[in-house]
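Here are my notes on this one, in numbered points. Have a look at the model first, then read on.

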Amino acid sequence: MNERIEDADRRMGKSIESLKAELVSIRTGKASPSLLDSVRVDAYGSQMPLSQVASISAPQARLLVIQPWDKTLVQPILKGIQKADLGLNPADDGELIRVPIPALTEERRNELVKKVKKMGEDVKIAIRNIRRDVNEEIKKLQKDGEISEDDLHRGTQEVQKRTDRYVETVDEVLQRKEKEILEI
């Protein structure tokens, strides 16, 4: 039973990590190289992550600079950024690509907050589904006579405690991201 609870704990933790990784790509008005993590570039006959074909830096609060390692990739990088539909308008000088990060409008900030809340709700649902699956496994163990009624009760209580803790963590992560989005 304990290994099932530990497995649930690990899966819930992965759900949180996945949420954090998704939230990094949401633009907040500040330049961050991670904004371009989702950009894929058509390079050398395949789709590659931007970070594998160029260096990305944020020399100013509202500017990203991309230095391609191969000058022939400037145009494919520009196309990749535009295809990623991030609401960014890159410009190049033949060697460097500058990506100004526009200030977010109030309307756009509210849209982003809604999107973040939906992502958080999806993760909470995933965590609750893990709880349900593990509780069913524990009930089956009790039904098959492998654990006692008391163990069943203790196990489901422990799973609930961990579920509550992870749902609380999701709320904290969302509050931080919401605050970051709404900062002007």
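1. Strand 4 (residues 63-68) is largely enclosed by the rest of the structure, because five of its six residues are buried. Buried here is under 20% relative accessible area, exposed is over 50%, and partly exposed is in between, with a 1.4 Å probe and protein chains only. Strands (E, at least two residues) and helices (H or I, at least four) are DSSP runs, numbered from the N terminus.

2. Before going further, the caveats: this is a predicted model, where local features need pLDDT of at least 70, side-chain atom pairs count only at pLDDT 80 or more, and totals for chains, interfaces and linings use all residues. Residues are numbered from 1 along each chain as its sequence is written, and side-chain values use heavy atoms, with hydrogens and water left out.

3. Who are the neighbours of strand 4? Strand 3 (residues 54-60) pairs with strand 4 in the antiparallel sense over five bridges, where pairing takes at least two DSSP bridges between the strands. Ser55 has Gln67 in strand 4 as its bridge partner, and a hairpin of two residues links strand 3 to strand 4. Strand 6 (residues 97-100) also runs antiparallel to strand 4, joined by four bridges; there, Val65 is partnered by Arg98.

4. Strand 1 (residues 40-43) and strand 2 (residues 46-49) run antiparallel, with four bridges joining them. Asp42 stands opposite Gln47 in strand 2. Two residues lie between these strands in their hairpin, and Tyr44 in the turn has a positive phi of about 55°.

5. Helix 2 (residues 74-83) has Val74, Ile77, Leu78, Gly80 and Ile81 buried. They sit on the same side of helix 2, because they cover an arc of only 160° around the axis (taken from the directions from the helix axis to the C-beta atoms). Lys79 and Lys83, on the other side, are exposed. The buried residues of helix 2 pack against strand 1, strand 3, strand 4, strand 5 (91-92) and strand 6, contact meaning heavy atoms within 4.5 Å. Just after helix 2, Asp85 takes a positive phi of about 55°.

6. Finally, helix 3 (residues 106-143) gives the most to the lining of the largest pocket, with four residues. That lining divides into five nonpolar, three polar and five charged residues (Ala, Val, Leu, Ile, Met, Phe, Trp, Tyr, Cys and Pro count as nonpolar, Asp, Glu, Lys and Arg as charged, and the others, Gly among them, as polar). A pocket is an open set of points on a 1 Å grid over the protein atoms alone, where a 1.4 Å probe fits, with protein on both sides within 12 Å along at least five of seven lines; lining residues have an atom within 4 Å of a point.
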